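Subject: A structure for you to look through

Hello,

Here is the structure I promised to pass on to you. Please open it beside this email, and then read on for what turned up in it.

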Amino acid sequence: MNRNITRIVAIAATLAMGTSLAACGGSSADSSKGHVYFMNNKAEVVDQYKELASMYTKKTGVQVDIQTGAAGTYDATMKSELAKDNAPTMFNVAGFDQFAKYQKYVEPLQDTDVFKLLNDTGKVYSYTIDGNSYTLPYAAEWYGIIYNKKIIKDYCSKSYAVIKSADDIKDYRP
């Protein structure tokens, strides 16, 4: 498994440096150099993953295959693929809930060269348990509260307002 982790980390390093991952290795793949099977949950970037996989295979000789779970089926596909003999060697998680589901399939990465390439913010966003970091963040998606400043300012000036300024808005709860 450590050989696979080394290969996974090498590909993830490419991700961490701003390139996307990719699919399928072409004729330059050498089976004696190993194989990476990446399970992707982002159908919108599959073309970029394919391009990166091709570049990685050409440079290293390591074949990279990518499977993308169809919208709404990633968890079912992951469960099925992880049960196989040739399970994914690398996969995406979309939030801590998915990380918790697949935690038993991952190994600590904090001592790897690719983890060391992360800046401090990247290291903070790695899922860490008991001092061990298990993920390499490459994208962050947040939701926020969007409001109309003029309307909020006008509301806050009213005698019945329950907040004094937009700074008092912390969540959607009353």
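Which residues do ring pairs link into a cluster? They are Phe96, Phe99, Tyr127 and Tyr134. Rings of Phe, Tyr and Trp (its six-membered ring) pair if their centres lie within 6.5 Å; planes under 30 degrees apart count as stacked, over 60 as edge-to-face and the rest as tilted.

Before the details, a word on the model. It is a predicted one, where local features need pLDDT of at least 70 and side-chain atom pairs count only at pLDDT 80 or more, while totals for chains, interfaces and linings use all residues. Residues are numbered from 1 along each chain as its sequence is written, and side-chain values use heavy atoms, with hydrogens and water left out.

**The aromatic rings**

By the ring rule, the count comes to seven aromatic pairs. One of them joins phenylalanine 96 and phenylalanine 99, a tilted pair with 5.5 Å centre to centre and 50 degrees between the planes. These two phenylalanines are separated by about one helical turn, because they sit three residues apart in helix α4 (residues 96–102). Helices (H or I, at least four residues) and strands (E, at least two) are DSSP runs, numbered from the N terminus.

Is phenylalanine 99 buried or exposed? It counts as buried, at 1% relative accessibility, while phenylalanine 96 counts as partly exposed at 44%. Here buried means under 20% relative accessible area, exposed over 50%, and partly exposed in between (1.4 Å probe, protein chains only).

Phenylalanine 99 also forms a tilted pair with tyrosine 127, at 5.2 Å centre to centre and 35 degrees between the planes. This pair links distant parts of the chain: phenylalanine 99 is in helix α4, and tyrosine 127 lies 28 residues apart from it, in the loop between α6 (120–124) and β4. Tyrosine 127 counts as partly exposed, at 24% relative accessibility.

**The sheet and its helices**

Now look for an open sheet of three strands, in the order β2-β1-β3 with parallel pairing. Strands β2 (63–68) and β3 (90–91) stand at the edges with a single partner strand each, so one side of each has no neighbour in the sheet. Two strands pair if DSSP finds at least two bridges between them, and two bridges join β1 (residues 35–40) to β3. Methionine 39 stands opposite phenylalanine 91 in β3.

Helix α2 (residues 46–60) packs on the sheet and touches β1 and β2. Helix α3 (residues 74–82) packs on the sheet as well, touching β1, β2 and β3.

**Tyrosine 74**

Tyrosine 74 lies in helix α3 and counts as buried, at 7% relative accessibility. Leaving aside neighbours within four places in sequence, tyrosine 74 is in contact (heavy atoms within 4.5 Å) with several residues, including Met39, Asn40, Phe91 and Asn92. Tyrosine 74 and asparagine 40 are 34 residues apart in sequence, yet 8.2 Å apart in space, C-alpha to C-alpha.

Finally, visit aspartate 130, in the loop between β4 (128–129) and β5 (132–133). Its phi is near 50 degrees, a positive value in a residue other than glycine. Aspartate 130 counts as exposed, at 76% relative accessibility.

Enjoy exploring!

Notes
Axes fitted to C-alpha atoms, helices over the stretch in contact; angles between N-to-C directions.
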